[in-house]
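Hello,

Here is the structure we discussed. Please have a look, then read my notes below.

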Amino acid sequence: MIHIENLVKRYGDLVALNHLSLDIKEGEIFGLLGPNGSGKTTAINCLLSLLKYDKGDIEIFGQKMTPDNYEVKQQIGIVLQNVAVFDELTVSENIDYFCGLYIHDKNRRKELVEEAIRFVGLEDYRKTRPQKLSGGLLRRLNIACGIAHKPRLIILDEPTVAVDPQSRNKILEGIQELNRQGSTIIYTSHYMEEVEQICTRIAIMDHGRVIASGTTEELKKMIKTGETITVEALLLTEKQLQDIRNLPHVFDVHYEDQILTLRCTGAQHNLIRILNYLQSQNLTFGRVFSELPTLNDVFLEITGKQLRD
Amino acid sequence: MTVFKGYLKILKKNLGMLLIYLVIFFAIAIALQASARKEHLGTFEKTRINVAVADRDQSELSRGLIRYLSTIHNVSEISSEPSVMQEELFYRNTSYIVQIPENFYQTCIEEEEPLSVTKVPGSYTSFYVDQQISTWINSIRTYTAAGFSLKEAMDASMELPASEVTMYKGTENNLETPPYIYYFRYVPYLFLAVLSYSMGYVLLAFQKEDILKRMRASAVSLRRQNMEGLLAMFMLGAVLWLISVAGVCVLFGKEFLTSPLIGYYVLNTALMLGIALSLSYLVGIFVKNSNMLNGISNLLSLGMCFLCGTFVPMSIMNKSVLKIAQFLPVYWYESINETLAQYKTLPVPVAEEIWKSMGIEAMFIAAFVFMILAISKYKQQS
């Protein structure tokens, strides 16, 4: 459905997109994950022909995407990172205006606007102006303006930034519902939990290129880390630390502020082995955590830095 | 026509402000019209002054003089006591006191002694009364010398012809200033204030970066979006122009509609509208927030109108200010109005001057449009 090949975009000396290539299939919720400045928004802007790019090709629905390919644009809905609505118009007027950029039949538009209002749960705010809406409701209005015309492809660029948890859940559920109704979704975010929760396939971006892509499980399998164990321990000597490093399946040990963090390859009984060792050394310990790898671990292992750096 | 309707919807939210400007404009126009008419009448009104007469003679002749003066002024009789006369003058109950002596005929007609009068110092109207009394006495003297009886002389003197005043005009076509000239003088303020505010208000909404992005990603072409936006602006301008032309027709009716120069006034106003539209759009591109919009809108409308003779007639403005004002479009609009006000029909050289000024107005419009296109293109590319 979407084919991006070798996309290069430069801002002077800065390379924002470095030979980016992507393929997105119809019916997917495709997550574009990366830290701030990794090139997610630039990729979206190029995809929508809002930005000229230096090199590469973009095809959407089998057609080359150009600024005047209105047949393709007709089937795309966008929800931008910042709320893009008119402060002077009411909720209903805003949705009607943006829907009117795609749907010219007045009666059909009326139905779609009503449907979008119901979908985002703004029934009680039809005549309310955006300034009087809370942050979460405003985000919902922003989404309604982008999806009212029932597009085949919906691009959501960090739609949950600065949104309270309740509204965030409502928005994420809405996105999954849109996908069930037949829309393909491209979802950019730097919140790995969101991407992990809703996306069927994920591409991790850094420095303007895709460094890994696949389903969540596929991505997790790509890395060495199978389990991360954290132990609150008191006063470990260098010899004891070396013993721990020598335990089977342990490949990384970190000890700081009396907190011991071990990364182990995927295997059984890792936790039991470390606890046995601590007992054998008569070492007292507090809380113990064992976590399976997250996308943050994937990102950390691939790039050597935290996702939110 | 979604974009067009969107512009109109946002303009509609601003309707209150537009109405306030229109009400203020028409209130000023009506007040100026009323004041202009009043001033016009006052300039040529024949005035009567208060004249007091202390008649010591109480003769037929002295009563004749009182009767004659009564036809021209408000005459009252007072005592010949000096203190009474001083008091009347001090309190300005009277402006001129005539003391008719005993033996009035003998003293003033035969022996030609002047009448004793007391008047408010420096009063120019007293000179007229001096002349009127002198003319009457000379007339009586002439009639009696010719053999007429005193009664016949007094009757004839009552019908003395009034002096005629002939007004000389500067040029053959120079007429009274038409009252609607004040209305047209204020039109630039209405256009600039309303358009710079309302267009800035709409552009402020549509020029937001994220709104622009959303619209550019939509299925309506950028060209069509621009055309629909411009159409909405032109419609606002056209409505404003129609209101202003309808306003002058309603307020001044036949006086304006029968003027042979009506076409020039209307065309000049249309050009002024073009200037206000293009300039307001140009300024609107740079507006970042509503506070800035208020400031720029006031600066543009009030500043330009003060400098270019909208609020103060050009004839009393400083020459160096007028030289600077020539770089502003409103100056040319106002100079055309000032010229039109002096003529009932235009001699060819004057008409040529007016067409030249209109050409300069058109060039201002072209320059503003060119700047809008250049800046818009630059903004799009960046």
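At what angle do helix α8 and helix α14 of chain B pack, and how far apart are their axes? The angle is about 175 degrees, and the axes lie 10 Å apart. That makes α8(B) roughly antiparallel to α14(B) (over 145 degrees). Axes are lines fitted to C-alpha atoms, for helices over the stretch in contact; angles run from 0 to 180 degrees between N-to-C directions. Helices (H or I, at least four residues) and strands (E, at least two) are DSSP runs, numbered from the N terminus.

This is a predicted model: local features need pLDDT of at least 70, side-chain atom pairs count only at pLDDT 80 or more, and totals for chains, interfaces and linings use all residues. Residues are numbered from 1 along each chain as its sequence is written, while chains are lettered from A and ligands numbered from 1 in the order in which they are written.

In the helix pair, Phe184(B) and Arg185(B) are among the α8(B) residues that meet α14(B), where the partners include Tyr333(B) and Glu334(B) (contact: C-beta atoms, placed from the backbone, within 7 Å).

Now chain A. An open sheet of 6 strands runs β6-β7-β8-β3-β9-β10, with mixed pairing (at least two DSSP bridges between two strands). The edge strands are β6 (76–79) and β10 (209–214) of chain A. Strands β3 and β9 of chain A run parallel, joined by 4 bridges. Phe30(A) stands opposite Arg201(A) in β9(A). Helix α6 (residues 165–180) of chain A packs on the sheet and touches β3, β7 and β8 of chain A.

Best wishes

Definitions and conventions:
Parallel < 35°, antiparallel > 145°, perpendicular 65-115°, else oblique. Contact = placed C-beta atoms within 7 Å.
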